[in-house]
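Please look at the sequence and the fold shown below before reading on. The report that follows is written for a reader who is new to protein structures.

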Amino acid sequence: MNDAGWYLLQQGKQAAAYNMALDDALLECAPELGRPVLRFYGWLEAAASFGYAQKYAEIERWTMLRPLVRRPTGGGLVPHDTDWTYSVVFPPRHPWYELKAVESYQRVHEWVRDAFAGIKIATSLAPSSQKEIPGQCFVGAEKFDVVWQGRKIAGAAQRRTRTGLLIQGSVQPPPIPLVRENWQAAMCEAARRQWAVEWSALEITGKLAEMTRSLQAAKYSQAAYNQKR
């Protein structure tokens with residue numbers, strides 16, 4: 001396998017159920033894709049996502065954002081009204097798959113930090129947990145979250161299965177003039193510099209497209225699934 005070859009998927013605003021379905025499908029299809037995938041995407045509605053093990057009754061009390069959609073990863077409540085959302089998927093044969101969870105968490109946030117440096121925004125990684133309210137991702141910071149002037153601006157959630165490693169990340173950009181596309185370009189450039197990544201576009205076809213449609217219809221768009229706990 002060519003470790004330098006990665007797929008890039010740049011998408012605009014999509015439905016909440018589609019966003020989670022595609023990330024889930026990318027994880028399931030990771031062995032066939034054979035390369036890491038970096039995906040940038042947005043949200044049609046001012047939605048919120050929450051970890052697969054969280055209780056729906058708690059989530060609906062914590063936020064007025066709707067729809068609420070359960071993620072295929074863990075972590076807590078994440079608002080998607082103004083964030084920059086991305087995901088990264090690694091197949092089992094890729095070196096990132098072998099990392100411990102804390103190591104992959106730190107590495108992806110070092111990548112985010114370096115991308116902000118590429119657009120002249122100085123950030124750092126939280127040296128320790130500063131959590132204030134359990135279950136809410138952007139209230140306080142976990143160790144290795146990205147912080148700007150003492151405020152958490154990036155967190156992530158992970159899931160590792162036999163088919164691959166999925167990292168779902170959210171950036172709440174600092175309240176200063178920034179262009180999202182510039183940061184996305186800086187993410188790609190940082191990966192090129194750090195790991196000699198060679199980017200190629202990913203097309204959603206075949207098994208990936210079919211699985212995404214199925215997961216969206218039968219799972220992530222269903223109230224019974226999102227409210228099951």
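The model is predicted, so local features need pLDDT of at least 70 and side-chain atom pairs count only at pLDDT 80 or more, while totals for chains, interfaces and linings use all residues. Residues are numbered from 1 along each chain as its sequence is written, and side-chain values use heavy atoms, with hydrogens and water left out.

Helices (H or I, at least four residues) and strands (E, at least two) are DSSP runs, numbered from the N terminus. The expected span of a helix is 1.5 Å times one less than its number of residues, and the table sets this value beside the distance between the end C-alpha atoms.

| Helix | Residues in helix | End-to-end C-alpha distance | Expected span |
|---|---|---|---|
| α1 | 13 residues | 19 Å | 18 Å |
| α6 | 15 residues | 20 Å | 21 Å |

A residue is called buried under 20% relative accessible area, exposed over 50%, and partly exposed in between (1.4 Å probe, protein chains only). Helix α1 is mostly covered, since twelve of its 13 residues are buried, and among them are Y18, M20, L22 and L26.

Which residues of α6 are buried? In α6, the buried residues are L208, A209, T212, L215 and Y220. They cover an arc of only 135° around the axis, which puts them on the same side of α6; the arc is that of the directions from the helix axis to the C-beta atoms. An α-helix has 3.6 residues a turn, so residues three or four places apart point the same way. On the face of α6 turned away from its buried side sit the exposed residues E210, R213 and A218. The cover over the buried residues of α6 includes α1, β4 and α7, where contact means heavy atoms within 4.5 Å.

The buried residues of α5 include R180, W183, M187 and C188, and C188 has a relative accessible area of 11%. Elements that cover the buried residues of α5 include β1, β2, β6, α4, β10 and β11.

The axes of α4 (residues 101-118) and α5 (residues 180-195) come within 8 Å and cross at roughly 115°; these axes are lines fitted to C-alpha atoms over the stretch in contact, and angles run from 0 to 180 degrees between N-to-C directions. Residues that make this contact include R107, W111 and F116 of α4, together with W183, M187 and W195 of α5.

**A residue in strand β6**

F90 lies in strand β6 (residues 84-90) and is buried, with a relative accessible area of 0%. Leaving aside residues up to four places away in sequence, F90 touches several others, including W6, P36, W96 and L165.

**Points in the backbone**

Two residues other than glycine can be described by a positive phi. F144 has a phi of about 75°, lies in the loop between β7 and β8, and is buried at 14% relative accessible area. A196 has a phi near 55°, is placed in the loop between α5 and β11, and counts as partly exposed at 46% relative accessibility.

The peptide bond from R66 to P67 is cis, with omega near 5°, and P67 lies in the loop between α3 and β4.
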